[in-house]
Amino acid sequence: MTGPSAGEVDPELRAAITRVAGVDRLLVALDFDGTLAPEVDDPEAARALPAAGPVLAGLRALPGTTVALVSGRSLASLARVAEVDASVPLIGSHGLELRFGQGESPVPVDAAEAARVAALRVRLEPLVAAVEGAWIEEKPAGFAVHVRRVEGERASRLLAALRAETADERDLTVRAGKNVLEFAVRDATKGDGLAALRRRFAPDAVLFAGDDVTDEDALAVLGPGDVGIKVGAAPTIAAHRVADPASLVNVLRLLMSTRESPGSSR
Ligand SMILES: [Mg+2]
């Protein structure tokens with residue numbers, strides 16, 4: 001393998017980190033699964049790497065520094081697995097649900113939307129139930145079909161069947177992630193989530209990191225002064241890339257030490 005060895009940060013990313021470390025107000029917005037937490041089969045068992053906690057806490061303790069999590073999980077699920085302080089801003093359901101400190105703003109789904117979700121679920125449930133290992137997760141404005149425990153060919157067939165069954169639904173958001181297909185009657189992306197964080201915290205620069213297809217929406221709304229990092233090998237519009245969650249934690253540690261004592265970047 002070529003490139004920086006474990007623990008090192010490549011020179012271009014290091015330069016970008018040094019740049020954003022010096023702004024007055026910095027927003028560090030991070031995806032959770034696959035970004036801070038290694039991927040696991042059971043979503044409820046996902047936890048951030050042990051090394052991540054102290055680094056995130058250290059960043060949050062610095063002046064003018066906000067650390068937020070931006071996830072496709074429901075807010076409740078994200079809060080459960082992230083195990084972060086209640087004052088950490090959380091964006092759930094790709095921007096549909098926001099928690100800024102104590103103030104929560106879950107999406108009020110109206111009766112018509114709820115009925116539509118229920119009807120859709122009645123149609124899709126038999127297809128999912130017929131495939132061993134596939135399961136449905138309820139979401140605020142829809143649901144997600146998980147196929148992580150389904151063998152590749154059968155998973156592809158199920159996802160294609162679900163898409164075909166919903167092909168003529170109007171104004172239905174169908175979003176593919178890693179081993180998951182989501183159906184939502186109200187649309188939001190991680191770009192919307194990041195925009196909400198910007199409105200709330202008015203940062204001078206944003207660092208965003210994520211591993212999945214849906215993180216591209218957040219990366220797409222970054223400006224020239226921001227830093228976008230892709231975790232893993234998937235295609236991306238991000239300017240920077242790291243191999244895995246452990247490498248991202250190294251980058252965040254570098255950000256912390258640089259922001260703590262500018263000019264002494266190691
Ligand atoms: Mg992820």
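## Metal site

Which residues are the protein donors of the magnesium ion? They are Asp31 (OD), Asp33 (O) and Asp211 (OD), lying 2.1 Å from the ion. Donors are N, O and S atoms within 2.8 Å of the metal (3.2 Å for Na, K and Ca); water is not among the atoms, so sites may look incomplete. Along the chain, the donors follow the spacing D-x1-D-x177-D.

Asp31 counts as buried because its relative accessibility is 5%, whereas Asp33, at 24%, counts as partly exposed. Buried means under 20% relative accessible area, exposed over 50%, and partly exposed in between (1.4 Å probe, protein chains only).

## Basis of the values

The model is predicted: local features need pLDDT of at least 70, side-chain atom pairs count only at pLDDT 80 or more, and totals for chains, interfaces and linings use all residues. Residues are numbered from 1 along each chain as its sequence is written, and side-chain values use heavy atoms, with hydrogens and water left out.

## Sheet and helices

An open sheet is formed by 4 strands in the order 6-7-9-8, with antiparallel pairing. Strand 6 (135-139) and strand 8 (173-177) each have a single partner strand, so one side of each is left without a neighbour in the sheet. From one strand to the next the twist averages 20°. Strand 8 pairs with strand 9 (residues 180-184) over 5 bridges, and Val174 stands opposite Phe183 in strand 9. Strands pair if DSSP finds at least two bridges between them; helices (H or I, at least four residues) and strands (E, at least two) are DSSP runs, numbered from the N terminus.

Helix 4 (residues 111-129) packs on the sheet, touching strand 6, strand 7 (142-146) and strand 9, and its direction makes about 10° with that of strand 7. Helix 5 (residues 152-165) also packs on the sheet; it touches strand 7, strand 8 and strand 9, at about 15° to the direction of strand 9. Axes are lines fitted to C-alpha atoms, for helices over the stretch in contact, and angles run from 0 to 180 degrees between N-to-C directions.

## Val28

Val28 lies in strand 1 (residues 26-30) and counts as buried at 0% relative accessibility. Leaving aside neighbours within four places in sequence, Val28 is in contact (heavy atoms within 4.5 Å) with Thr66, Val67, Ala68, Leu207, Leu252 and Leu255.
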